[in-house]
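Colleague: Could you take me through the packing in the middle of this model, and then through the charged side chains around it? I'd like a close look, with the cut-offs spelled out as you go.

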Amino acid sequence: ERRRDLTKVAGQYAESARVAIRNIRRDGMDQIKKGKADGLSEDDQKIWETEVQDMTNRFTKSIDEVLENKQAEIMQV
């Protein structure tokens, strides 16, 4: 029972990390939109938006993998 509780806590930490990543993504996208207003070309805007999204996906996937490994480790007897 204690192990299941610990896996839930690990899941909560992982969700907090995902929320932080989404907030950083939002801030990055806002900066890119500001850049467009300041003269950033539309092509450059698309490139940077794609780069930010790729990084977001990569780090979110990394968090999911670490969580899976940690939950397996916790449940191991």
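Modeller: Happy to. I21 touches T56, F59, T60 and I63, leaving aside residues up to four places away in sequence; contact here means heavy atoms within 4.5 Å. This is a predicted model, with residues numbered from 1 along each chain as its sequence is written, and side-chain values use heavy atoms, without hydrogens or water. Local features need pLDDT of at least 70 and side-chain atom pairs count only at pLDDT 80 or more, whereas totals for chains, interfaces and linings use all residues.

I21 and I63 also belong to the largest nonpolar core, which has six residues and includes A10, A14, L67 and I74 as well. A nonpolar core is a set of buried Ala, Val, Leu, Ile, Met, Phe, Trp, Tyr and Cys residues joined through side-chain atoms within 4.5 Å. Helices α1 and α2 each supply at least two residues of this core. In soluble globular proteins, nonpolar side chains tend to be buried together.

The buried residues of α2 are Q45, E49, V52, T56, I63, L67 and I74, where buried means under 20% relative accessible area, exposed over 50%, and partly exposed in between (1.4 Å probe, protein chains only). What covers these buried residues of α2 includes α1. Helix α2 runs over residues 42–75, and its 34 residues should span 50 Å at 1.5 Å a residue; the end C-alpha atoms are 49 Å apart, so the two agree. That expected span is 1.5 Å times one less than the number of residues.

The charged side chains come next. The structure holds five salt bridges, each a side-chain nitrogen of Lys or Arg within 4 Å of a carboxyl oxygen of Asp or Glu. E15, R18, R22 and D64 are linked in a network of them. Within it, E15 and R18 meet at 2.8 Å, N to O; both lie in α1, three residues apart, about one turn of the helix. R18 counts as buried because its relative accessible area is 16%, while E15, at 35%, is partly exposed.

Further along, R26 and D27 form a salt bridge at 3.8 Å, and both are partly exposed, R26 at 44% and D27 at 42%. R26 has another partner: its side chain makes a polar contact with that of N23 at 3.1 Å. Such a contact is a pair of N or O atoms within 3.5 Å; within protein, one must be able to donate a hydrogen and the other to accept it, and residues adjacent in sequence count only if both atoms are side-chain atoms. N23 lies in α1, residues 2–37, and is partly exposed at 32%.

Stepping back, the protein has two helices and zero strands, taken as DSSP runs numbered from the N terminus (helices H or I, at least four residues; strands E, at least two). The C-alpha atoms fill a box of roughly 60 × 15 × 5 Å along the principal axes, and buried residues make up 19% of the 77 residues.
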